[in-house]
Amino acid sequence: MNAILALALVLLVMMFIVGGKQGLSNFFALAVNALLMILVVILMASGFNPIIVAIIFGLIILASTIFLSTSQLSVAGPAFVSSLLIMTLLVGLILLTMTLSQTAGFGPEDSEALEGFSVYIGVSFPHILIATTLLGTLGAIAEAAIAVAAGMDEIKDQASATGIKQMGHEIIGTALNTLFFGFFGGFSSLFIWFASLRYPFSQVINNKIFVGELLQVLISVIAVILTVPMTTWVVTTRHAHRRKE
Amino acid sequence: MKYLGKWLIPFVAAIAVFIGMQFDSGFYTKPVGQVEAVKVVKTTNHQDEDQNHDRLIKQQVRVRLLNTAKRGKRITMHNTYSFSGALDNELRVGEQVFLDVDKGAYTLNNVKRDAILAALLVLTFGLIFLVMGRRAWLTSISILLNTVIFFVAVEWEIGSKQWQAWWLFVILAVIFTVLTAVFIVGFKPIAATISLGTLLATAAAVALGYGIMALTNYNGIHFEEVKYATQTPQLLFFGQIVIGSLGAVLDEASDISVAIFQLHDTAKERFRAGMAIGRNVMGPLISVLFMIFIADTFMESVLWIRNNNSIAQTVIWVMGLGFAQSLISAFGIVLAVPVTSGIAAMMAKIKKVTA
C-alpha cells in the first residue's frame, strides 16, 4: 500500500475520533486543498500565467478553508472579506519584494537536484515564486481572520477596545510561533549545508535560497499581523452598519 | 488621519533602511558594483528536447564599482538571462551586484540582496511592535533566542555522527519547546503542561508516522528528493517534521492549557472543555502548515512536468515528501488535543489538592 495514502487514512480516523463531525469536515477541506494545489501545478506547467492561476485558486482555497472550518456565517463572512483585502495588499508587497530581491528559481546549492534537467522550460520562475508565496501564506491569513472574527463574535457588543486588543495580541503571538517554526523546519537542512561548507555570514545574507526563504517567512508574518486589525475593522464596520439599519 | 500615520512608520523605516544599505559595500571584500546602464545586444530563441520554447537575452551592462581599490571605475560586462530565469537574472539599472574578477575582466557573481532583507526585517518587527506593544519584546526575544540556539547547535553538529545528529534534533526540540512555553505563559506550572503536551504529542506523531511508513515499506516515499541533504535524508526528513510542527503544536497546547487552567470544574469537565477548544483550532492549524509545505514544492514540480515527467510521477516524487511531511505534522496537531487536555486536567487537579 502507498505510504502517503496510509498516512492520510490514519489521519482521517484520528481526526474523526478527536473532532467528530467537524474533524471530518476539516479533513475534507484538507483533501480539497490538496487536489486544488495539484491542479495549480498542472495549470502552471501547461503554460497558464502562474500569478493569475494563484490569484484565482487563492480565492477558491480561501473560500473553502474559511467556509468549511466554521459553520457560522457571522464569522465566515467578515473573515472572508478581510482575507480578500489582505490578499490584495499582499500581491502588491510580494511583487515589490520579489522584483527587488531576484530570488526566483534555483540557487547554486540546487545544482545536484537539477542534474539532467533542462532549466529553459519557458515558464517564468519569478511568476512561480510569486504564486508560491501567495498560496503558502493564505493558510495563515485564513486562520488569523477566522480566529479574530470568531473571538469578536463570541464577545459581541460587550467587547471593549482593550479586550479586542488583548485577543489580537494572542492571535498574532500564536501565528508567529507556527510560522516561525514551520519555516525553520524547512531551513534546517540548508543551515546544516551552510555550516558544513563554512559559508561566511556575508555570503549567507545574500544567498539566493536563504534570502528567498526568509523573505517568504517575513511576508507571511506581515500578512498575519495586518490581518488582525483588518478583521477587527471589518467586523466593527459591519456592526455599525447593522445598528444604523 | 493620525491613526493611519502610525501605520506608515514601519514602512518609512523600511524604505530608509533599504536606501541606507545601498552604501554598505565597504563592508564587503568582494567587488560590488551598481548597474548604471543596460542594453540588449542579442535575443535568441531556445528550444530544448521537450519542445519547451524559451528566450535567451544577452545584455551589455555598464557597472560602476563601489568598493575595493578600483572604486569609482566603470566597467562593461555581458550578462545572459532567460525568460524563465531558473538560474540567471535580468540586470536592471540601479541594482547592486557582486562581481568576480579574473585578470581584470569582471563577471556577475551574485545579486546583492542584503538591503531588501534588512528592509523586510525592519518592516516585520516594526509592525510587530506597533500591533503588539509591550508583548512584542517577549515574542521577539523568544524568536531571537531560538534562532541563536539553532545556529549554535548546527555549528556543533557538523562532523558529528548520525545518531548524534538525531539526538541533536530531539534536544533542540525540547529546548525550543520549554523556552517558548516559558515565554508564552511565564515560569509557572502551566508551562510544564504545555511543554509536556507538545513533546508527547510530537513524539507520538513521529513514532506513528515512522511506523506507518515502515509498515508500508516506504512505498511512494522518495527520500532521495530531500533537499540539501548533507546527511542521511531520512534523518533530515524527520528532523524537519519535528522542528516544523513544533510551533503549531505549541500554540495549540498553550491555547488549551490556558483555557483549562482558568476553569474550576472536575477533571472530567476540564478534559471535555480542552477537547472542545482543540477541536476548533486543529483544522486551521493543519491547513497553515499544509499550505507552507505544499507551496514549497511548486517550482520543482513545474520543472519536472516540463521535463516530460508524467503528472502522477511528479506528484509522487516531488510533492509526495511535502504531503508526507504535512500529514505527520497533522498527526502531532491532532494528538496534542487529547494529550494536552488530559495532562492539563490532571495537573489542575493536583494543583487543587496541594493548594
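## Chain B at a glance

Chain B has a secondary structure of nine helices and five strands. Here, helices (H or I, at least four residues) and strands (E, at least two) are DSSP runs, numbered from the N terminus. If you read along the sequence, chain B goes α-β-β-β-β-β-α-α-α-α-α-α-α-α. Its radius of gyration is 26 Å, well over the 20 Å that the globule rule gives for 355 residues, so chain B is more spread out than a compact globule. (The radius of gyration is taken over C-alpha atoms, and the globule rule is 2.2 Å times the number of residues to the power 0.38.) Along the principal axes, the C-alpha trace of chain B spans about 80 × 55 × 45 Å.

A quick word on what you're looking at: this is a predicted model, where local features need pLDDT of at least 70, side-chain atom pairs count only at pLDDT 80 or more, and totals for chains, interfaces and linings use all residues. Residues are numbered from 1 along each chain as its sequence is written, while chains are lettered from A and ligands numbered from 1 in the order in which they are written.

## The sheet in chain B

The strands of chain B make an open sheet of five, in the order S3-S2-S1-S4-S5, with antiparallel pairing. Two strands count as paired if DSSP finds at least two bridges between them. At the edges sit strand S3 (74-82) and strand S5 (105-111) of chain B, each pairing on one side only. From one strand to the next, the twist averages 40 degrees.

Let's zoom in on some of the pairs. Strand S1 (residues 32-47) and strand S2 (residues 53-65) of chain B run antiparallel and are joined by 13 bridges. In that pairing, B:Val35 has B:Val63 in S2(B) as its bridge partner, and B:Val40 has B:Gln59 in S2(B). The hairpin of S1(B) and S2(B) has five residues between the strands, and B:Gln51 in this hairpin takes a positive phi near 60 degrees. S2(B) also pairs with S3(B), in the antiparallel sense, over nine bridges. There, B:Val61 stands opposite B:Met77 in S3(B).

## Chain A, helix after helix

For the wording, angles under 35 degrees count as roughly parallel, over 145 as roughly antiparallel, 65 to 115 as roughly perpendicular and the rest as oblique. Among the residues that meet are A:Phe28, A:Val32 and A:Leu36 in H1(A), and A:Val53, A:Phe57 and A:Ile61 in H2(A). By class, the contact of H1(A) with H2(A) has 14 nonpolar, six polar and no charged residues. (Ala, Val, Leu, Ile, Met, Phe, Trp, Tyr, Cys and Pro count as nonpolar, Asp, Glu, Lys and Arg as charged, and the others, Gly among them, as polar.)

## Where the two chains meet

How many residues does each chain bring to the contact? Chain B gives 100 residues and chain A gives 93, with two residues in contact if their C-beta atoms, placed from the backbone, lie within 7 Å. On the side of chain B that touches chain A, the largest share, 14 residues, comes from helix H7 (residues 267-295) of chain B. That side of chain B divides into 60 nonpolar, 25 polar and 15 charged residues.

H7(B) packs with helix H5 (residues 125-155) of chain A at an angle of about 170 degrees, and their axes are 8 Å apart. This makes H5(A) roughly antiparallel to H7(B). Among the residues that meet here are A:Leu135, A:Gly139 and A:Glu143 in H5(A), and B:Leu285, B:Val288 and B:Met291 in H7(B). The contact of H5(A) with H7(B) has twelve nonpolar residues, four polar and one charged.

## Transmembrane annotations

The UniProt annotation "transmembrane region" (unreviewed entry) covers residues 30-63, 75-97, 117-150, 171-194 and 214-235 of chain A. UniProt positions are given in the numbering used here, feature names are shortened, and annotations may be inferred rather than shown by experiment. In the model, residues 75-97 of chain A are 100% helix and 0% strand, with the end C-alpha atoms 32 Å apart. Residues 171-194 of chain A are also 100% helix and 0% strand, with the end C-alpha atoms 33 Å apart.

For chain B, UniProt places "transmembrane region" (unreviewed entry) at several stretches, including residues 7-23, 273-295 and 315-348. The span 273-295 of chain B is 100% helix and 0% strand, and its end C-alpha atoms lie 34 Å apart. The span 315-348 of chain B is 100% helix and 0% strand too, with end C-alpha atoms 46 Å apart.

Definitions and conventions. Axes fitted to C-alpha atoms, helices over the stretch in contact; angles between N-to-C directions.
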